[in-house]
Protein chains: 4
Amino acid sequence: MPKFVDHDTRRDEIVGAAWRVIQREGLEGTTIRAIAAEAGASTAIVTHYFQDKKDILKSALRMSQSRIARRRKEALKGLAGLEALEASLAESLPLDDDRRLELHIEVSFWARAISDEESATEHLRSHDTWRAVIASSVQDCVELGEIGPCDVLEVADTLVALVDGLGVDALMHPERLPPERQRLVVRRELERLRSSTDHNDPVRESRHQRVGPGPQPLDGAG
Amino acid sequence: MPKFVDHDTRRDEIVGAAWRVIQREGLEGTTIRAIAAEAGASTAIVTHYFQDKKDILKSALRMSQSRIARRRKEALKGLAGLEALEASLAESLPLDDDRRLELHIEVSFWARAISDEESATEHLRSHDTWRAVIASSVQDCVELGEIGPCDVLEVADTLVALVDGLGVDALMHPERLPPERQRLVVRRELERLRSSTDHNDPVRESRHQRVGPGPQPLDGAG
Amino acid sequence: MPKFVDHDTRRDEIVGAAWRVIQREGLEGTTIRAIAAEAGASTAIVTHYFQDKKDILKSALRMSQSRIARRRKEALKGLAGLEALEASLAESLPLDDDRRLELHIEVSFWARAISDEESATEHLRSHDTWRAVIASSVQDCVELGEIGPCDVLEVADTLVALVDGLGVDALMHPERLPPERQRLVVRRELERLRSSTDHNDPVRESRHQRVGPGPQPLDGAG
Amino acid sequence: MPKFVDHDTRRDEIVGAAWRVIQREGLEGTTIRAIAAEAGASTAIVTHYFQDKKDILKSALRMSQSRIARRRKEALKGLAGLEALEASLAESLPLDDDRRLELHIEVSFWARAISDEESATEHLRSHDTWRAVIASSVQDCVELGEIGPCDVLEVADTLVALVDGLGVDALMHPERLPPERQRLVVRRELERLRSSTDHNDPVRESRHQRVGPGPQPLDGAG
DNA sequence: CATGAATGAGTGTTCATTCAT
DNA sequence: TATGAATGAACACTCATTCAT
């Protein structure tokens with residue numbers, strides 16, 4: 001007659017505890033003991049639900065990544081073009097406590113992803129997905145004519161990098177980069193993206209020819 | 001008289017060893033023992049030259065920061081406007097092994113700066129300086145007429161965030177963002193910055209007279 | 001359910017091991033490693049049952065103090081007057097191996113109690129109790145008429161000091177002060193105490209009726 | 001051309017520094033570094049003037065012992081009998097800062113003398129000398145008729161133990177046993193010694209009218 | 001399912017000591 | 001004579017992990 005405990009629920013509780021510890025103590029200061037204490041359980045229960053410490057941390061990271069990914073997807077619903085793009089980018093910024101927590105977890109694993117091959121692969125998996133989403137969203141803007149023809153992947157790399165950097169800067173110095181400031185930076189970037197391309201293109205409807213190696217998106221020669 | 005050893009030189013050697021260990025093992029895996037071994041010395045030598053572990057790590061970070069800062073300053077020499085701005089931004093990117101190492105060290109301390117107040121202050125010190133340098137460089141571009149009037153600080157925040165994000169992305173996924181790709185992203189961002197603002201400035205030709213070597217640093221299209 | 005181990009028993013075992021190490025190696029030579037080895041366990045077990053080293057040592061001292069206190073109390077049972085006093089004092093002397101061990105532990109902390117405020121307070125707590133017991137016992141002798149009226153607290157200070165000094169002298173030089181010698185010193189001190197005061201008490205015979213087992217505890221002269 | 005430094009003077013300075021460190025930090029907390037710092041010299045100089053740490057500590061103890069011994073001897077000058085005895089005993093009590101310091105040093109080595117054979121021998125050397133001095137002084141009192149015939153060595157053991165215990169008690173709890181209290185305890189002890197014996201001396205009646213009836217307290221021979 | 005007991009490896013740090021100058 | 005450099009051993013303590021219950 002086992003206790004009525006949902007295995008997955010218990011796991012999620014522990015991952016949640018791990019999140020809070022990581023946020024409070026940093027990844028280095030995160031110990032199984034601390035996670036157990038935060039979850040109000042014994043030390044051994046953590047290794048009961050997870051293989052080992054690595055396993056908990058990986059789970060914590062993955063849950064963070066999947067939550068952010070879900071948010072981004074949901075942010076796109078009902079929107080299109082630049083509006084959708086901006087909404088999606090905003091989901092990766094630490095605009096409120098929830099997103100701050102999730103992003104903090106992610107950033108905590110960045111250093112690891114630089115040194116460690118396995119962590120790098122893990123990170124690439126999620127990062128590539130995001131990059132593809134952004135690229136697709138940019139492509140959508142182009143097709144809608146909101147921005148002129150351009151190297152979509154390069155723009156995606158730019159936006160991803162901008163939001164990554166903006167996010168970590170805001171986490172480190174929230175008073176310098178409060179939510180409104182972050183939004184402004186992203187909005188202006190998108191405005192520049194638009195104005196730097198579309199004003200050169202009076203006949204932009206026809207523009208969709210753009211594809212392939214394409215014209216010179218940057219020097220506005222087109 | 002004591003043994004002939006230059007105190008500062010020895011300290012630098014140890015900091016160098018610390019760098020290599022941080023790069024190889026990550027900040028968490030960096031132990032005094034490992035640093036000592038890397039420096040080819042005994043454990044106790046580290047606490048002979050440094051107060052404690054915190055002291056070594058702080059020294060390692062500061063040396064990294066000051067080297068990057070020096071590079072940025074030197075990159076500006078003899079240049080002006082967008083050319084100078086681009087050169088300075090490039091110095092913060094992991095374009096070669098030296099810069100990769102230095103940036104890796106910096107990024108390793110980011111997570112710490114989010115959780116820990118003291119680390120945050122330490123980071124802010126160096127980050128603010130950089131932001132000011134970039135802002136001043138942007139202002140220079142405006143005055144030169146290379147870009148139109150704009151919110152200089154906001155643009156600085158954007159560029160700093162972009163380079164921060166681009167740097168860490170490139171460190172994590174060097175094959176995805178090789179040096180040339182990084183340069184391209186930055187160049188295009190500056191390009192957009194120019195084209196999105198200067199068309200609002202009909203009198204820019206006159207202003208361009210002020211400039212030194214060349215008005216169109218990026219594509220020379222004119 | 002966890003392993004069947006009695007927590008307190010295990011703690012006592014470790015304290016016992018600590019005692020033996022302190023006796024053998026001295027307080028300075030007492031390391032957690034040595035205690036663990038003496039207890040036949042791993043190093044970490046000590047910090048499993050105790051907060052830290054300070055905690056073990058404090059426990060070791062307190063157990064020693066409480067054992068001695070218990071002995072003193074038991075020694076008084078069924079006795080009164082000088083007989084009781086002598087018995088109680090004797091319990092603080094290193095007359096056999098058990099008492100030698102316990103006293104050795106106590107003396108080991110004396111130096112600490114001189115320098116360190118906290119240790120001093122800790123020592124005072126136990127020392128005051130003892131002094132009060134002795135004073136009360138002396139008072140009893142006075143009331144029984146075995147010794148004449150006197151400054152009871154001063155006599156208590158004297159006896160406590162004598163036994164403290166005699167104990168440590170005997171621990172350092174057991175061959176010079178074997179058990180019989182220690183007993184003799186105490187007995188003669190009490191003898192002097194009696195003979196130097198009781199001539200002032202002409203009515204002491206009548207009072208002696210009150211006493212229990214025997215009125216002339218020391219020489220039985222009546 | 002060597003510096004003009006008197007070897008012995010320098011040694012004494014270091015020993016003095018060691019004293020202060022022992023008093024402040026306790027014997028366990030006394031490190032060569034701390035002694036060197038206290039003496040305002042480098043670490044290596046300590047091992048230059050002394051073989052090793054043991055050597056410094058031994059020297060510190062011996063200097064303390066010899067100072068106390070010299071004091072005791074000087075205290076006897078011009079005095080005789082009980083007066084001399086009391087003066088000599090007083091020199092072993094922590095009645096002022098100097099004596100407190102010296103006694104503190106001594107007591108710090110007691111625990112060591114219990115465990116360690118060599119320290120015990122070292123202590124015995126000085127303790128025996130003192131005991132002999134006291135015994136001789138007691139003998140002097142007997143011969144002067146100030147106290148009656150008695151077991152001189154036993155009385156010496158008593159007085160030595162009393163002063164040892166009183167000294168350490170006063171060091172641990174100076175507010176409980178201020179100088180005056182210590183003197184009182186010793187004086188009363190000597191008074192009891194006198195009054196409990198001298199009435200047995202029929203040839204001294206004139207001197208001690210006041211004595212009572214009392215039997216011979218110790219041998220009960222009557 | 002859950003837990004306290006127990007461990008061994010490893011942490012930063014301190015120490016007395018030796019060495020070259 | 002004097003000193004900083006350098007070391008290796010030892011310290012208390014923490015950790016992730018395993019085991020028996």
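## Contact between chains A and B

Chain B gives 45 residues and chain A gives 44 residues to their contact, where two residues are in contact if their C-beta atoms, placed from the backbone, lie within 7 Å. This is a predicted model, in which local features need pLDDT of at least 70 and side-chain atom pairs count only at pLDDT 80 or more, while totals for chains, interfaces and linings use all residues. Residues are numbered from 1 along each chain as its sequence is written, and chains are lettered from A and ligands numbered from 1 in the order in which they are written.

On the side of chain B that touches chain A, at least two residues each come from α1 (7-25), α6 (97-108), α7 (110-115), α8 (117-144), α9 (152-172) and α10 (179-197) of chain B. Helices are DSSP runs (H or I, at least four residues), numbered from the N terminus. α9(B) supplies the largest share, 14 residues. By class, this side of chain B has 20 nonpolar, eleven polar and 14 charged residues; Ala, Val, Leu, Ile, Met, Phe, Trp, Tyr, Cys and Pro count as nonpolar, Asp, Glu, Lys and Arg as charged, and the others, Gly among them, as polar.

## Contact between chains C and D

Here 47 residues of chain C meet 47 residues of chain D. α9(C) gives the most to the side of chain C that touches chain D, with 14 residues. That side divides into 20 nonpolar, eleven polar and 16 charged residues.

## Helices of chain D

The axes of α1 (residues 7-25) and α2 (residues 32-39) of chain D come within 8 Å and cross at roughly 120°; axes are lines fitted to C-alpha atoms, for helices over the stretch in contact, and angles run from 0 to 180 degrees between N-to-C directions. Among the residues making this contact are Ile14(D) and Val21(D) of α1(D) and Ile35(D) of α2(D). The contact holds seven nonpolar, no polar and four charged residues.

In α5 (residues 81-90) of chain D, the buried residues are Leu82(D), Leu85(D), Ser88(D) and Leu89(D) (buried: 20 or more other C-beta atoms within 10 Å of the residue's own, C-beta atoms being placed from the backbone). They lie on the same side of α5(D) because they cover an arc of only 130° around the axis, the arc being that of the directions from the helix axis to the C-beta atoms. These buried residues pack against α4 (53-76), α8 (117-144), α9 (152-172) and α10 (179-195) of chain D.

## Domains of chain A

Chain A is assigned domain 1 (1-50) and domain 2 (58-210), with bounds from an automatic or database domain assignment. Their centres, taken over C-alpha atoms, are 31 Å apart. Eight residues of domain 1 and seven residues of domain 2 form the contact between them.

Note on methods
A residue is buried if 20 or more other C-beta atoms lie within 10 Å of its own, exposed if 12 or fewer, and partly exposed in between; C-beta atoms are placed from the backbone.
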